Amino acid sequence: MDAMGADRLRDPRALGLKDLIGESPGMILLRQQIMHLLGRQSASRRLPTLLLQGETGTGKGLLARAVHNASTRSSQPFIDADCLAIPETLLEAELFGFERGAFTDAKQPKLGLFHAASGGSIFLDEI
């Protein structure tokens, strides 16, 4: 392992990125960009909203979880929502929740995924 790789392992922010393996120029650039973002956060300054784009199976979920694990929100929930698996008619209720009686089968209130991720991170996959 080169000196740069050893320094990266000593950086506490990099521990959350341990699952991002590979030494291609693209992966090195990706890790550098994520480390730059993580370096700008503090207790009063959170990470910005991230848009992760790529083909199915390229690791967007893995990257989202790695960023969450390396962020100041790592002790809070990480919610991975596969929007393609939620029927269109239920998407709003799943994301935002509902109150008892809001529709025919709503016998009790249900918190939405955004509320469940409060203080943590939510990854909306296949949106």
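**Close-up views of a predicted model**

View 1. The structure holds 1 aromatic pair, a term for rings of Phe, Tyr and Trp (its six-membered ring) whose centres lie within 6.5 Å. The rings of Phe96 and Phe114 have centres 5.2 Å apart and planes at 20°, so the pair is stacked (planes under 30 degrees apart; over 60 is edge-to-face and the rest tilted). Phe96 belongs to helix H5 (residues 91-96) and Phe114 to helix H6 (residues 113-116), so the pair ties together parts 18 residues apart in sequence. Helices (H or I, at least four residues) and strands (E, at least two) are DSSP runs, numbered from the N terminus. Phe96 counts as exposed at 58% relative accessibility, while Phe114 is partly exposed at 35%; exposed means over 50% relative accessible area, buried under 20%, and partly exposed in between (1.4 Å probe, protein chains only).

This is a predicted model, in which local features need pLDDT of at least 70 and side-chain atom pairs count only at pLDDT 80 or more, while totals for chains, interfaces and linings use all residues. Residues are numbered from 1 along each chain as its sequence is written, and side-chain values use heavy atoms, with hydrogens and water left out.

View 2. Look for Arg31 in helix H3 (residues 25-39); with 4% relative accessibility, Arg31 counts as buried. Its side chain forms a salt bridge with that of Glu23 (3.4 Å, N to O), meaning a side-chain nitrogen of Lys or Arg within 4 Å of a carboxyl oxygen of Asp or Glu. Glu23, by contrast, is exposed, with a relative accessible area of 54%. A polar atom of the Arg31 side chain also lies 2.7 Å from the backbone oxygen of Leu20.

**View 3. Lys110 and Glu94 link a strand to a helix.** The whole structure has 2 salt bridges, and here the side chains of Lys110 and Glu94 meet in one (3.1 Å, N to O). Lys110 lies in strand S3 (residues 110-111) and Glu94 in helix H5, so the pair ties together parts 16 residues apart in sequence. Lys110 is partly exposed at 34%, and Glu94 is partly exposed at 25%.

Note on methods: Polar contact = N/O pair within 3.5 Å; in protein donor to acceptor, adjacent residues only side chain to side chain.
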